[in-house]
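Let's take a walk through this structure together, going from one group of contacts to the next. Please keep the viewer open as you read.

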Amino acid sequence: LSFNTDNAVWQYNECRFTKANIGDNDAGGIDSDYRSKNTIIQYNWLHDNDFGMLVTGGGGSFNEGTVVRYNIIERDGKKEHRADQKKFVIKVSGGATHTKIYNNTIYTDGSQDSTFLVFHKRWSVWPVETAYYNNLFINEEEAAVSLGGSTANVFEGNFIRGKGAAELDNIQGNDPKIEGAGTGPQGYKLRRRSAAMGAGRIIPANGGKDFFGNKVPENSKPNVGAYNGRTL
């Protein structure tokens, strides 16, 4: 985790099989913790971690401007978080402000029942201005979103395949036609006639490339998810 930092960058990591020890509330692989500004979490391969990714402004403290982009997350949030008594893939909590979560590909399999894809929590205060853009959610169980009393949330250009949650499913279309969910990063490349092709929202200062190193232009609509290359 990064704590009390400015401009930390997490990239090109594989975070896997992180286990929650007794009394442990941080077992999500990557955590943008409180008193942090402008953290960037990108190009990471996260899978099979007990808890989900955290963006935390704890106990009324701040977390300002975290960006989570071009990550592939597979089967995270396998166990109930002790403090929340919930399972989740992404949690944003406390005084987190201006968080942007975009162009990620997130998969939960059929064994992950009652897992929140997005979970916001009050920790003295609620998060403010969290934006979800162009994320591809591939979900085999009932999807859930819990925003609580958080405010000024934005959902645009997201796509969900499977059992969906209305807040996340901004693009109506056919199956996004990926190579093979649950098989690692290569399985989340798009095939021909995918509804996720060119269907995303334009994001300024988008980092310039996707998880696989393909160019992501700033002046035309990108694909939805972490893959912006050609269809296979």
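Is Asp113 buried, exposed or partly exposed? Asp113 has a relative accessible area of 39%, so Asp113 is partly exposed. Bear in mind that this is a predicted model.

Lys87 has a relative accessible area of 16%, and because buried means under 20%, Lys87 is buried.

The structure holds 11 salt bridges in total. In one of them, the side chains of Lys19 and Asp50 meet at 3.9 Å, N to O. This pair also links distant parts of the chain, 31 residues apart: Lys19 sits in the loop between S2 and strand S3 (31-32), and Asp50 in the loop between strand S6 (45-47) and strand S7 (53-64). With a relative accessibility of 2%, Asp50 counts as buried. Another salt bridge joins the side chains of Glu74 and Arg75, at 3.0 Å from N to O. Both of these residues, Glu74 and Arg75, are buried. They also belong to a network of salt bridges that links Asp48, Glu74, Arg75 and Lys78.

Glu74 leads us on to the sheet. Here 6 strands form an open sheet with parallel pairing, in the order S2-S6-S9-S11-S14-S17. Strand S2 (14-16) and S17 stand at the edges with a single partner strand each, so one side of each has no neighbour in the sheet. On average, and ignoring direction, neighbouring strands of this sheet are turned by 10 degrees against each other.

Follow S11 for a moment. Strand S9 (residues 72-74) pairs with strand S11 (residues 105-108) in the parallel sense, over 3 bridges. Within this pairing, Ile73 stands opposite Ile106 in S11, and Glu74 has Tyr107 as its bridge partner. S11 is also joined by 4 bridges to strand S14 (residues 136-139), and these two run parallel. There, Thr108 stands opposite Asn139 in S14. What about the side chains of S11? Thr105 and Tyr107 point one way from the strand, Ile106 and Thr108 point the other way, and all are buried.

Now for the aromatic rings. A pair of aromatic rings is described by the distance of the centres and the angle of the planes. The count comes to 11 aromatic pairs. Why is the pair of Phe88 and Phe119 stacked? The planes of Phe88 and Phe119 stand at 15 degrees, with the ring centres 5.9 Å apart, and planes under 30 degrees apart count as stacked, so this pair is stacked. Phe88 lies in strand S10 (residues 87-102) and Phe119 in strand S12 (residues 115-121), so the pair ties together parts that are 31 residues apart in sequence. Both Phe88 and Phe119 are buried.

Phe211 and Phe212 form an edge-to-face pair, with 5.0 Å from centre to centre and 70 degrees between the planes. Phe211 has a relative accessibility of 18% and counts as buried, whereas Phe212, with a relative accessible area of 22%, is partly exposed.

Elsewhere, Tyr12, Tyr43, Tyr70 and Tyr102 form one aromatic cluster. Tyr43 has a charge to go with its ring: the charged end of Lys209 sits over it, 5.5 Å from the centre. Most residues other than glycine have a negative phi. Asn4, in the segment before strand S1 (9-11), has a positive phi near 55 degrees. Arg193 has a positive phi too, near 65 degrees, and is found in the segment after strand S17 (159-162). Arg193 is exposed, with a relative accessible area of 65%. Asp169 is also in the segment after S17, and at 22% relative accessibility Asp169 counts as partly exposed. Leaving out residues up to four places away in sequence, Asp169 touches Asn158, Phe159 and Ile160.

Conventions: Residues numbered from 1 in each chain as written. Predicted model: local features only at pLDDT ≥ 70, side-chain atom pairs only at ≥ 80, totals over all residues. Heavy atoms only, no water. Buried < 20%, exposed > 50% of the residue type's maximum accessible area, 1.4 Å probe, protein only. Phe/Tyr/Trp six-rings, centres within 6.5 Å; stacked < 30°, edge-to-face > 60°. Lys NZ or Arg CZ within 6 Å of the ring centre and 35° of its normal. Pairing = 2+ DSSP bridges. Axes fitted to C-alpha atoms, helices over the stretch in contact; angles between N-to-C directions. Contact = heavy atoms within 4.5 Å. Salt bridge = Lys/Arg side-chain N within 4 Å of Asp/Glu carboxyl O.
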